[in-house]
Amino acid sequence: MTGTTRSIASLDRAHVWHPYTQHGLPPLPLPIARAAGAYLETTDGRRLFDAISSWWVTLHGHAQPEIADAIAAQARTLEHVIFAGFTHAPAAEFASALTRVLPAGLERIFYSDNGSTAVEAAIKMAIQYWRHRGQTRRLLVALEGAYHGDTFGAMSVSGADLFTEPFREHLFDVVRLPDPSRDGSATVAALETLLASRGDEIAAVIVEPLVLGAGGMQMYAAETLRALRAACLDRTLFIADEVLTGFGRTGPLFACAHADIAPDLLTMSKGITGGFLPLGATAATAQIFDAFVSDDRRRSFFHGHSYTGNPLACAAGLASLALLDDASAERRTRIEAAHRSALARLANAPWVRDVRVLGTIGALTLDTGPAGYLNPIGRELAAYALTRGVLLRPLGDVVYVLPPYCTTDDEIAMVWSVVDDFLRQPR
């Protein structure tokens, strides 16, 4: 361990509280000095392949020059300004660019600063929209096994699990539909029944389109998503949470394209700036926006954040969006094919079940120990992978690989071979 590594580790141990981390257990956080492409470099010179895009945010690759240059140029001009009553070119141009690539009808962009706050905004928009329409609709409908964030509204519409259990009595009531990755027809039938009996109470139905991310990278059919959207048409609002799936993670720019649907509200974050800066966004239809427009200030959407519409983040978003071109689409297609090739060989390995791939996401479930996030196999695999130069962060018994778009076929094969080697170790 170098002196720099020891110094950072000492300061971190004394003062930092890390997310999703039990500080009473080893190992200590690993100091990272720099990154480029698909690789991280530790302060003592080790290179690690970032197989999870640093929590799903790094799209094109670390330190992507076009995005870095855009941020630097913007920082020399305007780093921030209050967004209530003011605007600027990066925010206006990025909003315009987003509406050109989003599902049809999403014409208004509300900026926030992460995925959870984007979901909070969507929930509040939905409830207040109905109030402006003269209806009292407070009920939210969500999917079992979903994850939408860690703020209280987002926790409420997430699945009931160990993440939300300590706060259960503080969360609002939500009706949950059966997990569509198990039986999509049952999910659709449950929604139809609920709409028939309580439709006039429902403010919105919120779903993660096609992939329940933190719930275990569970995947469901586009036909199910299409049917869920169809059930809501002219009856209630439909929210697509594309915080994970947006910006090409499932192949097309947005997962809704697989089902050829357009939601009423769509949330974005994660890869929105290519992994450079925090930014969230909630896209809404003109119909929803117009319900708030009035000469009565009480009809305003009273929601915002100090860093709403930050120019640096919006400049990064514009630069990242420009990189999502035909060449990027080809790279994402190639990553999907590489996942399928590698996982075809792993499908019959000991303890492996439910191999699945969608776009740049490859995942499998390990059939060992207790199901869920606390299965120790995930920590064991993560520790082993680090010794082989790979960053993995399994969701308990679920192993997934979700790399930057600059990743090569050989690198995909290498990561899955590390998983294979781990599984073949004697236990």
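Two strands pair if DSSP finds at least two bridges between them. Strands (E, at least two residues) and helices (H or I, at least four) are DSSP runs, numbered from the N terminus. The model is predicted: local features need pLDDT of at least 70, side-chain atom pairs count only at pLDDT 80 or more, and totals for chains, interfaces and linings use all residues. Residues are numbered from 1 along each chain as its sequence is written, and side-chain values use heavy atoms, with hydrogens and water left out.

**Exercise 1.** Find the bridge partner of Val352 in β14.

*Solution.* Take β13 and strand β14 (residues 361-366): five bridges join them, and they run antiparallel. In β14, Leu366 is the partner of Val352.

**Exercise 2.** Give the strand order of the open sheet that holds β13, β14 and β16.

*Solution.* The order is β13-β14-β16, with antiparallel pairing. β13 (352-358) and β16 (398-401) each have a single partner strand and stand at the edges, so one side of each lacks a neighbour in the sheet.

**Exercise 3.** Decide why β4 counts as largely enclosed.

*Solution.* Buried means under 20% relative accessible area, exposed over 50%, partly exposed in between (1.4 Å probe, protein chains only). Five of the seven residues of β4 (residues 106-112) are buried, so the rest of the structure largely encloses this strand. β4 also pairs with strand β12 (residues 280-285), antiparallel, over six bridges. There, Ser112 has Gly280 as its bridge partner.

**Exercise 4.** Check the span of helix α14 (residues 409-423).

*Solution.* The expected span is 1.5 Å times one less than the number of residues. For 15 residues that gives 21 Å; the end C-alpha atoms are 21 Å apart, which agrees. Buried residues in α14 include Trp416 and Phe422.
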